[in-house]
Amino acid sequence: MNIVIRQEKPNDFKAIYDLVKVAFQTAKVSNGKEQDFVNQLRSSGNYIPELALVAEVNHKLIGHIMLTKNYIKNSDCKTETLLLAPISVVLQYRNKGVGSKLINKSFALAKNMGYQCVVLVGDPAYYSRFGFVKSVDLGIRHLLDIPEEYVLACELVPGALDEISGTIDC
Ligand SMILES: CC(C)(COP(=O)(O)OP(=O)(O)OC[C@H]1O[C@@H](n2cnc3c(N)ncnc32)[C@H](O)[C@@H]1OP(=O)(O)O)[C@@H](O)C(=O)NCCC(=O)NCCS
């Protein structure tokens, strides 16, 4: 299976909306609005076109990921980070490494662009393989009352979060 990972384009947006909507129907946790969240992120100032990627096989979309700008805040400063959300793979193409390819490619691009870290709310059973750890262990908490084992952070550059502490509200 030849999986191509490339930047999303405006004429993919409708297909991505449908892909995300259907993918989250089989997610462990979903509010049913992840497809709308994608549109909100695109129209926010936090959108980074280079880090919104699709996976395709024979020109058919089978996956999507977005890394957008976010901030770790404390009373003294605001540190830029990336938020990984959402990631979606078409059910029939799961467990074939598509999600991993989307994450690894987006992280490599992000690192090249100078980004230092990524945060997300998600299942540690999946994300720990990419280097995510509980963010609270790095001094970063969620503003909302989300169980701390699901609030994760990953350093793209080792030590990037050493001097950082604060909250996220993504
Ligand atoms: C999560 C998702 C993107 C993974 O995509 P994928 O292409 O199947 O992922 P990969 O093939 O790279 O990895 C598959 C591995 O991850 C594991 N995995 C997938 N989802 C998992 C989850 N929620 N919790 C724990 N492990 C998970 C699989 O069991 C498999 O494990 P193995 O390598 O030990 O066999 C896909 O399942 C999906 O779209 N789910 C619905 C949307 C969703 O839940 N998004 C994430 C929200 S946090």
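Predicted model: local features only at pLDDT ≥ 70, side-chain atom pairs only at ≥ 80, totals over all residues.
How do the residues of the shell around the ligand divide into nonpolar, polar and charged? The shell has 9 nonpolar, 7 polar and 4 charged residues.

In total, 20 residues surround the ligand. The closest are A27, R94, G99, S100 and G122. Strand β4 gives the most, with 4 residues.

Now step back to the whole chain. It has 4 helices and 9 strands. Read from the N terminus, the order is β-α-α-β-β-β-α-β-α-β-β-β-β. The radius of gyration is 15 Å, close to the 15 Å that the globule rule gives for 170 residues, so the chain is as compact as a globular protein of that length. Along the principal axes, the C-alpha atoms fill a box of roughly 50 × 30 × 30 Å. Of the 170 residues, 29% count as buried.

Next comes the helix pair α1 and α2. Two packed helices are described by the angle between their axes and the distance between the axes. Helix α1 covers residues 13–23, and helix α2 covers residues 34–43. Their axes come within 7 Å and cross at roughly 140°. Angles over 145 degrees would count as roughly antiparallel. The two helices are therefore oblique to each other. On the α1 side, the contact is made by I16, Y17, V20 and K21. On the α2 side, E34, Q35 and V38 meet them. By class, this contact has 4 nonpolar, 1 polar and 2 charged residues.

Return to strand β4, which also holds P86. The peptide bond from A85 to P86 is cis. Its omega is near -15°. Most residues other than glycine have a negative phi, and most peptide bonds are trans.

Phi of N58 is near 50°, a positive value in a residue other than glycine. N58 lies in the loop between β2 (52–57) and β3 (60–73).

N95 sits in the loop between β4 and α3. N95 has 7 other C-beta atoms within 10 Å, so it is exposed.

Last, go to the loop between β7 (140–142) and β8 (151–155), where L144 lies. This leucine is exposed, because 11 other C-beta atoms lie within 10 Å. L144 and D12 are 132 residues apart in sequence. In space, their C-alpha atoms are 33 Å apart.

Notes
Residues numbered from 1 in each chain as written. Rg over C-alpha atoms; globule rule 2.2 N^0.38 Å. Buried ≥ 20, exposed ≤ 12 C-beta atoms within 10 Å, placed from the backbone. Axes fitted to C-alpha atoms, helices over the stretch in contact; angles between N-to-C directions. Parallel < 35°, antiparallel > 145°, perpendicular 65-115°, else oblique. Contact = placed C-beta atoms within 7 Å. Nonpolar A, V, L, I, M, F, W, Y, C, P; charged D, E, K, R; others polar. Near = placed C-beta within 6 Å.
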